Amino acid sequence: MSKRAEAEELAATVPSVPYVAGTWETAGKAGAFEVIDPVTERVVASITEADASTVDLAVSAGHSALDDGEWGRLDGAARGVLLGRLADLLDSRKEDFANLESLEVGKPGIEPRVIDLPQAVQTFRHYAGWADKIEGRTIPTPGYMGRQTLSYTIRQPIGVVAAITPWNSPTMIGSWKIAPALAAGCAVVLKPPEDAPLTSLLLAQLIDEAGFPPGAFSVLPGRGATTGNLLIEHPGVNKISFTGSPETGHIVAIAAAKGFRPTTLELGGKNPQIVFADADLDAAADGVAVGIFANQGQVCAAGSRILVARSVYGEFVDRLVARADAAVLGDPFDQGTTMGALINAKQLERVARYIQIGRDEGARLVAGGGRPERSGYFIEPTLFADASNDMTIAREEIFGPVGTIMSFDTDDEAVALANDSNFALAATLWTSDLSRAHAVARRVQAGAVAINGWSPLDPRLPWGGSKLSGHGRELGRAGIEANTEEKTVTVVL
């Protein structure tokens with residue numbers, strides 16, 4: 001049986017209804033929506049959408065699990081055992097998850113196998129180790145009214161966390177939200193992406209198998225305008241963690257502000273890749289190409305603004321064009337495919353519109369720009385050269401395989417161009433000068449800067465941005481702090 005046939009067969013077995021308080025809810029839902037394979041344009045699943053009563057049930061179950069349920073009574077070591085068990089189960093099923101991601105997202109199979117699934121497994125294992133190490137502080141003070149005091153803090157779970165994930169990397173980014181919240185002792189209500197909910201529903205099966213108590217974790221599939229809005233507006237949600245567009249992030253922030261609830265918002269980027277004249281140009285061209293074209297450019301950290309030293313500009317453009325021309329578009333299940341399809345017809349229309357804008361604004365199209373004659377939401381890897389930073393294609397997040405190449409003369413100009421953006425998520429520097437690398441890294445406005453390698457993610461490293469890229473951090477110690485409240489206790493001795 002082919003990989004595609006295996007994935008389609010697996011998709012038919014994944015539960016298609018909400019998972020709430022340890023059960024699969026089948027009654028009283030808002031309707032159904034279809035999951036479309038972006039390569040074949042065929043329906044691969046019909047999913048039941050969670051309605052208001054189901055959202056309320058999930059949030060209430062989370063509070064019950066925390067207040068007087070088994071989940072709230074577990075200590076950190078026990079939570080760590082469950083997270084470790086989940087990591088092992090996910091590791092044993094990573095081929096199934098990779099196949100499902102290729103099926104519903106359209107990304108070549110090598111990407112979830114090499115990046116998404118290993119990262120997700122590592123994230124659950126990392127936070128399994130954190131679960132019994134969440135500590136407070138002892139703080140010396142001058143005392144109170146002439147009497148000595150003992151002051152200390154404790155970190156307690158923030159409560160019920162609404163986790164809303166994007167369709168581009170649903171398993172990996174889902175783990176970033178789920179693992180630290182569960183390690184901290186929170187209950188999680190996950191709203192998976194409507195275009196790619198299957199891996200999240202399969203993950204619920206593994207969480208159930210791992211033995212997490214009822215209410216600790218729920219999955220509510222549905223559309224953002226219905227289930228998503230119901231969840232973020234629910235007064236019982238104590239925190240919202242969202243990854244997606246700035247436009248939707250703005251809606252989430254307003255909803256959270258009504259109850260002064262904290263948020264973690266990761267809202268995309270228009271990330272610079274700076275190629276200095278002393279860089280290894282072949283290695284840089286390879287890395288820059290990955291940074292633009294991975295997952296068809298549908299990556300929040302995509303390095304879509306390429307800033308190149310003028311002295312090597314023409315040479316580097318030629319190298320990068322060669323990488324774009326060598327890309328193999330096709331079925332993500334076919335051996336040799338290096339680029340799959342965009343997620344849906346709407347995204348295809350969006351990317352095509354930006355390519356036309358680039359042409360209209362006078363940037364020089366040096367690679368791609370068209371659609372292959374085949375079914376599916378495919379578009380060629382595209383590069384514009386001789387662009388300026390005030391062009392639309394250099395200002396707005398396209399979320400597709402489109403790179404905009406510009407030149408600079410000095411380090412100061414490169415930094416100024418990099419920072420002249422409404423986004424500040426990630427940046428990549430390509431240089432052999434270590435002093436320059438550190439100096440520029442400090443000056444570039446970004447939540448994460450990579451040097452001589454595009455976006456090397458790790459669950460131990462905090463991740464997030466500022467400006468339109470959002471606020472707050474996920475992963476590392478920051479992930480624990482974002483899901484706990486610090487309480488001060490003072491004893492007058």
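Modeller: Helices (H or I, at least four residues) and strands (E, at least two) are DSSP runs, numbered from the N terminus. This is a predicted model, in which local features need pLDDT of at least 70, side-chain atom pairs count only at pLDDT 80 or more, and totals for chains, interfaces and linings use all residues. Residues are numbered from 1 along each chain as its sequence is written, and side-chain values use heavy atoms, with hydrogens and water left out.

Colleague: Which helices supply at least two residues each to the lining of the second largest pocket?

Modeller: A pocket, on a 1 Å grid over the protein atoms alone, is an open set of points where a 1.4 Å probe fits, with protein on both sides within 12 Å along at least five of seven lines; lining residues have an atom within 4 Å of a point. Here the helices are H6, H11 (281-293) and H12 (313-325). The lining comprises 17 residues, and Glu 111, Val 290, Phe 293, Ala 294 and Thr 338 lie nearest the centre of this pocket.

Colleague: How many residues line the largest pocket?

Modeller: There are 46, of which Trp 167, Gly 244, Ser 245, Thr 248 and Lys 346 lie nearest its centre. Among the elements giving two or more residues to this lining are strand E3 (31-36) and helix H13 (345-361).

Colleague: How is a pair of packed helices described?

Modeller: One gives the angle between their axes and the distance between the axes. Helices H4 (residues 76-92) and H6 (residues 110-130) pack at about 165°, their axes 8 Å apart. H4 is therefore roughly antiparallel to H6 (the term covers angles over 145 degrees).

Notes:
Axes are lines fitted to C-alpha atoms, for helices over the stretch in contact, and angles run from 0 to 180 degrees between N-to-C directions. Angles under 35 degrees count as roughly parallel, over 145 as roughly antiparallel, 65 to 115 as roughly perpendicular and the rest as oblique.
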